Amino acid sequence: MRILSALLLLTILSACSSNKKTQQAKINAAYDARTEAQRNQANRPPATRTDDGQRTSIATQSDARPATTQAPAPVKAADGAAIGTGPAMSTKGGEWVVTSIKGKFLAIDTSNVRVYMDLTAKTPAGEAIMNPADFVEHFLIAYVMYPDYNNRERLGYGTVPLTTQNVGRDGDHLTLTFDIKRPKGATSAVLLTEITETNSGTKARNDLSLRFNAPKLSDRFTLFSKNSNQPQLRNYVNVGDTVILRDVSGISKTLYGVRYRHDFDAASSPMNTSPRPASKSLSVDSSLSITTNQPFVLPREGLYYFVEDTTDASGIGLVVADKRFPKLTRPEKLIKPVLYMSTSSEIGELNQAQDTKKAFDRYWLSMMSGNEDVARKTLKAYFDRVEEANRLFTTYKEGWKTDKGMIYIVLGAPDRVQRNREREVWVYNRRANVSEVNFTFTKKPNQFVEDHYELVRYIEYQPIWYPIVEAWRTGAIRE
């Protein structure tokens with residue numbers, strides 16, 4: 001599991017020079033001409049795609065202006081590189097290094113919270129650290145609490161003694177558990193945790209918002225697997241899995257749940273600046289009740305939503321996906337994520353094909369000029385990113401459908417991430433002949449999950465986006 005790095009710093013979308021404008025315009029023009037020739041529909045206006053599900057052609061627009069819009073500036077809470085709730089940007093060779101951190105808290109009482117972290121780390125040889133004793137030997141952990149992302153006054157600080165009792169292993173990653181006491185007079189805080197490699201001094205950081213009054217159901221209960229004492233820091237489970245919604249104290253409480261059978265739309269183009277359609281109401285397919293700290297099974301796919309009271313404004317949402325998720329294996333599901341690198345007519349042909357598998361194979365071979373080896377490697381690289389997007393970014397819908405998932409699939413992990421309470425900014429360096437480009441995601445209220453973000457869209461992303469899509473379509477990206 002790889003997780004995004006987060007650092008709270010100032011961000012600005014870099015401007016391209018006039019020479020790069022001209023060069024990029026030529027690239028886009030050639031791209032448009034080739035695509036139109038492939039479709040044999042010259043001069044056809046580009047389709048648009050809204051959240052209502054209309055598809056966007058990502059290959060037919062011609063504006064080649066560079067991305068020069070200035071993004072709002074996050075306020076930094078601490079100096080130095082940080083890692084947050086997403087895939088790690090990169091790893092250093094030749095030393096012990098933490099590559100990802102993801103955190104979650106649960107309230108113990110009104111004065112204490114318990115922090116759970118999923119960690120991945122590597123040895124100097126580049127191998128994953130799976131023995132908790134190795135992690136304990138090579139790393140130290142300290143923390144500091146601030147009132148807010150905008151306030152550098154320290155509410156409290158300390159160290160976390162590492163032992164094989166609070167560092168463990170859960171599947172393919174390590175876990176860390178420790179308790180934090182509420183600072184006097186504080187109802188909430190930003191917890192900045194710093195993990196330091198003892199030899200090199202390399203640091204990895206995670207920021208986590210704490211609420212000591214635990215107003216939300218998700219502040220007190222979260223998803224656990226049947227055989228683990230560690231929470232599953234994700235918003236999805238597989239159909240038929242036995243799971244538990246558990247708290248720290250083992251309280252038995254009845255929760256009311258509903259199931260929505262709804263196929264949510266995939267993210268629209270980063271250049272689609274049309275107003276978002278009004279939110280649609282979801283129809284309840286079925287209802288159920290569960291007891292906390294007791295195992296239960298969710299036997300059908302869909303979006304499930306659990307609340308303490310049916311009048312509650314927020315609860316716990318869970319996507320129940322097929323047995324293979326976050327992988328996609330069935331042809332009817334494989335054809336959907338390719339919309340980010342396809343024209344509207346190509347997507348239409350895939351959706352209307354009687355034999356989906358054959359149509360899917362033809363799609364990849366035709367783009368790679370019949371070269372099976374290139375097609376196979378490019379397909380694998382693309383769907384590795386789809387799987388990772390599902391693992392990292394699933395919210396109330398599959399991760400590949402989210403705005404973050406779309407950017408991650410096409411561009412890969414960002415070079416760095418900057419975050420404050422209201423937004424994340426993903427910074428990419430050296431993409432499409434541009435020294436730096438930023439994608440800003442604003443946090444939006446959502447009753448199902450806490451980490452729902454929407455991309456701020458700009459038409460100026462065109463000269464960045466299209467050459468990278470072209471690289472996918474020609475097999476230039478294979479990892």
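Q: How many bridges join strand 7 to strand 8, and in which sense do these strands run?
A: Strands, like helices, are DSSP runs numbered from the N terminus (strands: E, at least two residues; helices: H or I, at least four). Two strands pair if DSSP finds at least two bridges between them. Here, strand 7 and strand 8 (residues 203–211) run antiparallel and are joined by nine bridges. Within strand 8, K203 is the residue opposite T196. This is a predicted model, in which local features need pLDDT of at least 70, side-chain atom pairs count only at pLDDT 80 or more, and totals for chains, interfaces and linings use all residues. Residues are numbered from 1 along each chain as its sequence is written, and side-chain values use heavy atoms, with hydrogens and water left out.

Q: What lies between strand 7 and strand 8 in this hairpin?
A: Five residues separate the strands, and G201 takes a positive phi near 80°. As to accessibility, buried means under 20% relative accessible area, exposed over 50%, and partly exposed in between (1.4 Å probe, protein chains only). G201 has 34% relative accessibility and therefore counts as partly exposed.

Q: Which other strand pairs with strand 7, and over how many bridges?
A: Strand 3 (residues 139–146) pairs with strand 7 in the antiparallel sense over eight bridges. M145 is the residue opposite L191 of strand 7. Strand 7 (residues 188–197) is mostly covered, with nine of its ten residues buried.

Q: Why is helix 7 described as largely enclosed?
A: All nine of the nine residues of helix 7 (residues 403–411) are buried, so the rest of the structure largely encloses this helix. Contact means heavy atoms within 4.5 Å. The buried residues of helix 7 pack against helix 6 (372–393), strand 18 (423–431), strand 19 (434–443), strand 20 (453–455) and helix 8 (462–473). Just after helix 7, G412 takes a positive phi of about 85°.

Q: In what order do the strands of the open sheet stand?
A: The order is 17-18-19-20, four strands with antiparallel pairing. Strand 17 (416–419) and strand 20 are at the edges with a single partner strand each, so one side of each has no neighbour in the sheet. Strand 17 pairs with strand 18 over four bridges in the antiparallel sense, and the bridge partner of R416 in strand 18 is V427.
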